[in-house]
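Visitor: Hi, could you walk me through this one? I'd like to ask things as they come up.

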Amino acid sequence: MAQTEYDKMMAENLYDVNDRQLVDDRSHARDLYETLNQTSFHDKEKLQQLIKQLFGTVGTGSEVRPRFICDYGYNIHVGNNFFANFDCILLPRFKIEVQHLLY
C-alpha cells in the first residue's frame with residue numbers, strides 16, 4: 001500500500017505540501033486558530049475547547065494567548081500547564097511535544 005503524503009510528512013520524508021488532504025488540514029487548523037485568536041480572554045471554557053480541537057493532545061491548565069499561529073495543530077502535543085505567550089508561531093511538520101511551560 002502506498003504511503004499518503006501525511007504518512008510521508010510524519011516519517012520526515014519528502015512529501016507534497018499541495019496534497020489535497022494536507023491543504024484541507026491546514027485550512028481547518030487556520031479556522032480554529034483564527035477563532036481562538038478572536039475569542040475573549042475571559043471565555044476560558046471556549047478557549048480550552050478550541051485548544052483541544054486544534055492540538056493533538058492537551059494537558060490540564062493549558063493556555064494560549066493571541067496571536068497564535070500553527071500550520072496543522074494536530075502535530076502539537078502539550079502537557080499540563082502549557083502556556084504559549086502572545087505571538088507564538090509553531091509550524092511543526094513533525095510531532096512537537098512540550099511537557100512543561102513554554103514562554
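Visitor: Let me start with asparagine 81: is it buried or exposed, or partly exposed?

Guide: Asparagine 81 is partly exposed, with a relative accessible area of 46%. Buried means under 20% relative accessible area, exposed over 50% and partly exposed in between, using a 1.4 Å probe and protein chains only. Before we go on: this is a predicted model, where local features need pLDDT of at least 70, side-chain atom pairs count only at pLDDT 80 or more, and totals for chains, interfaces and linings use all residues. Residues are numbered from 1 along each chain as its sequence is written, and side-chain values use heavy atoms, with hydrogens and water left out.

Visitor: Thanks! Where is asparagine 81, and what is its phi?

Guide: Asparagine 81 is in the loop between strand 4 and strand 5 (83-84). Its phi is near 60°, a positive value in a residue other than glycine. Helices (H or I, at least four residues) and strands (E, at least two) are DSSP runs, numbered from the N terminus.

Visitor: And what does asparagine 80 touch?

Guide: Asparagine 80 touches Gly59, Thr60 and Gln99, not counting residues up to four places away in sequence; contact means heavy atoms within 4.5 Å. The C-alpha atoms of asparagine 80 and valine 58 are separated by 7.3 Å, though the two are 22 residues apart along the chain.

Visitor: Switching to helices. Which residues of helix 2 are buried?

Guide: Leu22, Asp25, Ala29, Leu32, Tyr33, Leu36 and Asn37 are buried in helix 2. Seen down the helix axis, these buried residues fall within an arc of 135°, so they line one face. The arc is that of the directions from the helix axis to the C-beta atoms. The face turned away from the buried side carries the exposed residues Arg20 and Gln38.

Visitor: What do the buried residues of helix 2 pack against?

Guide: They pack against helix 1 (5-10), helix 3 (44-54), strand 2 (63-64) and strand 3 (68-70).

Visitor: Which residues are buried in helix 3, then?

Guide: In helix 3 those are Leu47, Leu50, Ile51 and Leu54. Viewed down the axis of helix 3, they fall within an arc of 100°, so they line one face of the helix. Glu45 and Lys52 are exposed on the other side.

Visitor: Now the rings. How many aromatic pairs are there?

Guide: The structure holds four aromatic pairs. Rings of Phe, Tyr and Trp (its six-membered ring) pair if their centres lie within 6.5 Å; planes under 30 degrees apart count as stacked, over 60 as edge-to-face and the rest as tilted. Phenylalanine 55 and phenylalanine 68 form a tilted pair, 5.7 Å centre to centre with 55° between the planes. Phenylalanine 55 lies in the loop between helix 3 and strand 1 and phenylalanine 68 in strand 3, so the pair ties together parts that are 13 residues apart in sequence. Both phenylalanine 55 and phenylalanine 68 are buried.

Visitor: Which tyrosines do ring pairs link into a cluster?

Guide: Tyr6, Tyr72 and Tyr74 are linked in this way.

Visitor: Last topic: what is the strand order of the open sheet?

Guide: The order is 1-4-7, with three strands and parallel pairing. Two strands pair if DSSP finds at least two bridges between them. Strand 1 and strand 7 (96-98) stand at the edges, each with a single partner strand, so one side of each is left without a neighbour in the sheet.
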